[in-house]
Amino acid sequence: MNGTPLKEEDLKKIHIIKYKPDAKYSYTAGQAYSKFLAGLKEKKIIGRKCNKCGRVYVPPRMYCDDCFKPTDEWIEVKDEGIVETAVASYISWTRERLEKPEIVGVIRLFPSRDNDWVFPGIFHRICVDLEQVKDMSVFGKKVKAVWNEERIGSVNDIECFKVVE
Amino acid sequence: MKTNLNFRRVAVIGAGLTLFRRRMLETPQELAWEASKAALDEAGLDLKDIDCVVIGSAPDAFDGVHMKGEYLAHAGGVKKMVSRVFVGGATGVMVPISAWYHVASGLCEKVLAIAEEKMSPARPHPQSVFKYIWDPITEKPLNPNLIWIFAMEMHRYMHVNKISKEEIALVSVKNKRNALNNPYAQAAANLTVDDILNSEVLVWPVQRLDTSPVSDGAAAMVITSEDVARRHTDTPVWIEGVGWALDNTEWIQRDLYYPRYLEYAARMAYRMAGIENPFKEIDVIEPYDPFDYKELHHIEGLMIAKRGDAPKLLKEGVFDIDGDIPSSPSGGLLGVGNPIAAAGLMKTISIYWQLKGTAGKMQVKKPVHTGLAQAWGDLMQASTVVVMRN
Ligand SMILES: [Zn+2]
């Protein structure tokens, strides 16, 4: 038999089972993310610092991966940073075609240094022209959070990150 | 210099694959059975001879069947010691690694290693299933698509090393062309760089022909102790080095241009196999290529090319089927297809057949003695490596 693939026309003849599982979750944010979310409500980006290795965790963690010990203190980082990477998505999370591409990326937040391998970081929307993503000129640019007027303690309290220089 | 670890020698003596296709008529169990039967036939063993079974499969959600280890155990594992391994996309190579330590430890003599994935049942597209791999609090509210992270990694790799889309597209051209020689392949084609660059943009810089297709398929291997191997074949292929490593899940907080976790895994496998200079000592490789940039990224993580140098070596033909180090002679995931766990085991099987000299039209031109297969997965953080010799 060695495999018998279905053809497009076969697919019209088959029964599709549609089932929506009643799967709702109440996630525990834990101490670290709770403080992080509460900080966002006040336009603050909160992290945790390990005083042994100096690593700043954003999003925060209560223990240090590397030192395997509790992190030591809460620390507020800037809502500014450098664009590490940026992409333009033409598809939705279900792979439907989007009319206007969505631009997202990773921002290395301050304080951090250019050559840090690990750094306090945030994954978010970047409000920048598509061309600047395509020609990669947005890489290395300084950006700042654009906060929403109404904030509920969610990563979506930040509208996006905007280029400031 | 080899490490002086105290374990038994382990050999591969049989392997089997199903066709890799979208929307296969067979059930996951039937696919797994088919691959297992073919592997046992090649090994000259019956199922009753097998002591232990290792099963690899990615998240249950793809096939739409929960507890897939137990479900797939029907393809050879009933009344036997069965375990399932899962490290995301790295699973396919974790399966032979797990089978290796079953035998190397002295626990088992004959292990059947099975990997299966059926991606196409998920409607409207398996992409929606991937939403559940993201952090529910800091990431999922942004409605990410899985391809976002790979596009972010690809763009970072391109930016740091000043690599163009044209240079990366050459991987897709090479692998889809190699797949023309592979009777199991789903996406074999003779394409040009322009074809890749003109394909649908998914998440810039990732276009449709930069990626591997949605696939169904299964793969299996028979892995045994030295005594058993000597009794059943004159051409055993030895598993001489294994390595695996994980990086942090906070992919946001680390530089994405270099796969650090893969370097750790590769160093472990090389130390075990006594490899000091991978570029000189490895004859043929199957690095994991769900995306074209990923093959280059992995060749660098495997230390076969210096950081940022893989595209240059590719352009010089080093990784062509008749090059110094043929890479993905099977056609890889880009050309053969990507039923996740099965794809990684397919890569291991490709190296096994190359070293046995039974790769048929896929057989590379030069004589080969040392080969390597590798897989990668989770949130861009897990890698598995296996080094084999004939
Ligand atoms: Zn620390």
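# Reading zinc, disulfides and a helix

Tutor: UniProt, in an unreviewed entry, places the feature "domain: Thiolase C-terminal" at residues 254-389 of chain B. UniProt positions follow the numbering used here, feature names are shortened, and annotations may be inferred rather than shown by experiment. Residues count from 1 along each chain as its sequence is written, and chains are lettered from A and ligands numbered from 1 in the order in which they are written. This is a predicted model, where local features need pLDDT of at least 70, side-chain atom pairs need pLDDT 80 or more, and totals for chains, interfaces and linings use all residues; side-chain values use heavy atoms, without hydrogens and water.

Student: How much helix and strand does the span 254-389 of chain B hold?

Tutor: Helices (H or I, at least four residues) and strands (E, at least two) are DSSP runs, numbered from the N terminus. Residues 254-389 of chain B are 41% helix and 14% strand. The end C-alpha atoms of that span lie 35 Å apart.

Student: Where does UniProt place "domain: Thiolase N-terminal"?

Tutor: The unreviewed entry puts that feature at residues 10-227 of chain B. Over residues 10-227, chain B is 33% helix and 20% strand. The end C-alpha atoms here are 9 Å apart.

Student: What can I read from helix 4 of chain B?

Tutor: Begin with its span. The expected value is 1.5 Å times one less than the number of residues. Helix 4 of chain B (residues 146-161) has 16 residues and reaches 24 Å from first C-alpha to last, close to the expected 22 Å.

Student: Is helix 4 of chain B enclosed or open?

Tutor: Buried means under 20% relative accessible area, exposed over 50%, and partly exposed in between (1.4 Å probe, protein chains only). In helix 4 of chain B, 14 of the 16 residues are buried, so the helix is largely enclosed by the rest of the structure.

Student: What sits at the ends of helix 4 of chain B?

Tutor: N145(B) caps the N-terminal end. A side-chain oxygen of N145(B) lies 2.8 Å from the backbone nitrogen of I147(B). Just after the helix, K162(B) takes a positive phi of about 55°.

Student: Which residues coordinate the zinc ion?

Tutor: Donors are N, O and S atoms within 2.8 Å of the metal (3.2 Å for Na, K and Ca); water is not among the atoms, so sites may look incomplete. Here the SG atoms of C50(A), C53(A), C64(A) and C67(A) coordinate the zinc ion at 2.3 Å. Their sequence spacing is C-x2-C-x10-C-x2-C. C50(A) lies in the loop between strand 1 (45-49) and strand 2 (56-57) of chain A, and C64(A) in strand 3 (residues 63-64), so this pair ties together parts 14 residues apart in sequence.

Student: Why is the arrangement around the zinc ion called tetrahedral?

Tutor: Four donors count as tetrahedral if all angles lie between 85 and 135 degrees. The four donor atoms here subtend angles of 107 to 113°, which makes the arrangement tetrahedral.

Student: What about C52(B) and C108(B)?

Tutor: A disulfide joins them, S to S 1.8 Å. With -90° about the S-S bond, this link is left-handed. It links distant parts of the chain, 56 residues apart: C52(B) is in strand 2 (residues 52-56) of chain B, and C108(B) in the loop between helix 3 (91-104) and strand 4 (110-118). C52(B) is buried at 0%, and C108(B) is buried at 1%.

Student: Where does D116(A) lie, and what does its side chain reach?

Tutor: D116(A) is in the loop between strand 7 (97-109) and strand 8 (121-127) of chain A. D116(A) is buried, at 14% relative accessibility. Its side chain reaches the backbone nitrogen of R113(A) at 2.8 Å.

Conventions
Four donors count as tetrahedral if all angles lie between 85 and 135 degrees; four count as square planar and six as octahedral if opposite donors are over 155 degrees apart and all others between 65 and 115; anything else is irregular. A polar contact is a pair of N or O atoms within 3.5 Å; within protein, one must be able to donate a hydrogen and the other to accept it, and residues adjacent in sequence count only if both atoms are side-chain atoms. A disulfide is a pair of cysteine sulfur atoms within 2.5 Å.
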